[in-house]
Amino acid sequence: MERPGAALYLVATPIGNREDITLRALRVLQEVDWVAAEDTRHSGQLLSHFQISARLISYHEHNASRRIPQILKYLAAGQSVALISDAGTPALSDPGQELVRACIQAGIPVIPVPGPVAAVAALTASGLPTDRFVFEGFLPLKPRQRQARLQQLAQEERTIVLYEAPHRLQRTLQDLLVHCGPQRQIVLARELTKWHESFWRGSLAAALEHCLAQPPRGEFTLVLEGRPCSEKAEELSPSEAEVRQELARLLAKGLSRSAASRQLAQRLQGSPLWTRRRLYQLSLQLEPLPSGDPDDEAESLG
Ligand code: SAM
């Protein structure tokens, strides 16, 4: 069994249900010299629940630059430090990443002690594809960066996992709807592992309606469907006007409706929307060729 030496331990703690703490997390928290916590009061309660007496120091976004040299000094003196966040895995959507980088630069081992992560809990229970996904954390708040990120996300084909504060949820759903369209599917994973855990599943339009009717409370992780293939196909496809024009050109060259549809369908292979049958049906709406094509009307693309 390992003994904490001079190392930074990234210890995951529960995201709600205290039973989710791991045996290894409990042991490491008990054995380390220091526990660096985002909110020492909140983490103090967790530690005392498990009867762990630890020396706590605060480490959060407002004191990170001051605290990093102090923590590095402890580590350089051979002491061990565990980093914990308010909930879940530290260094994910919190200032822990800066401390991790500083330790790596200083040649200090960084040891993960894995456990709960809201993003993974939400993703796996969402029912949306999990084979490829991206973690987006919180969307930027500054308008220009937010707009740019939303534009990128609208094109993303993988499942997207986002964190959001309850008071910003409506706004975020509105922005996602504008960029990704009302039909894109989303799962709102609320209060994961807690008493009021719930999963709401539906379109972005319905999600927004749901949140307007029932102002969001509690913690939310959002799992958004990636850009569906059908959207891509529509974009890759020529418009109906363009297809009509091309069909008319082929017919004017003397091709039968059947031959023109077959030829165009072959050229449009990348577009599942323009099948040979659909092209033939469209060709029937076009002006008959001056020379006539007696066999045409009887032809079927079956
Ligand atoms: N490090 C954490 C983790 O491993 O998931 C996340 C920290 S991030 C600062 C906090 C955000 O995580 C919340 O705003 C919420 O979006 C999400 N979150 C945390 N706990 C949650 C829970 N029990 N249910 C749903 N989302 C949660």
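Reader: Why does Glu 219 count as partly exposed?

Author: Glu 219 has a relative accessibility of 47%, and buried means under 20% relative accessible area, exposed over 50%, and partly exposed in between (1.4 Å probe, protein chains only), so Glu 219 is partly exposed. This is a predicted model, in which local features need pLDDT of at least 70 and side-chain atom pairs count only at pLDDT 80 or more, whereas totals for chains, interfaces and linings use all residues. Residues are numbered from 1 along each chain as its sequence is written, and side-chain values use heavy atoms, with hydrogens and water left out.

Reader: What makes Lys 194 and Glu 219 a salt bridge?

Author: A salt bridge requires a side-chain nitrogen of Lys or Arg within 4 Å of a carboxyl oxygen of Asp or Glu, and the closest N and O atoms of Lys 194 and Glu 219 are 3.3 Å apart. The pair links distant parts of the chain, 25 residues apart, with Lys 194 in the loop between β8 and β9 and Glu 219 in the loop between α8 and β10; here helices (H or I, at least four residues) and strands (E, at least two) are DSSP runs numbered from the N terminus. Lys 194, at 28% relative accessibility, is likewise partly exposed.

Reader: Which helix holds both Arg 244 and Glu 240, and how many residues apart are they?

Author: Both lie in helix α10, 4 residues apart, about one turn of the helix, and their side chains meet in a salt bridge at 3.4 Å, N to O. Arg 244 counts as partly exposed at 28% relative accessibility, as does Glu 240 at 37%. Elsewhere, salt bridges that share partners join Arg 146, Arg 171 and Asp 175 into one network.

Reader: Why are the buried residues of α12 said to line one face of the helix?

Author: The buried residues of helix α12 (residues 276-284) are Leu 279, Tyr 280, Leu 282 and Ser 283. Seen down the axis of α12, they fall within an arc of 160° (taken from the directions from the helix axis to the C-beta atoms), so they line one face. These residues pack against α10 and α11, where contact means heavy atoms within 4.5 Å.
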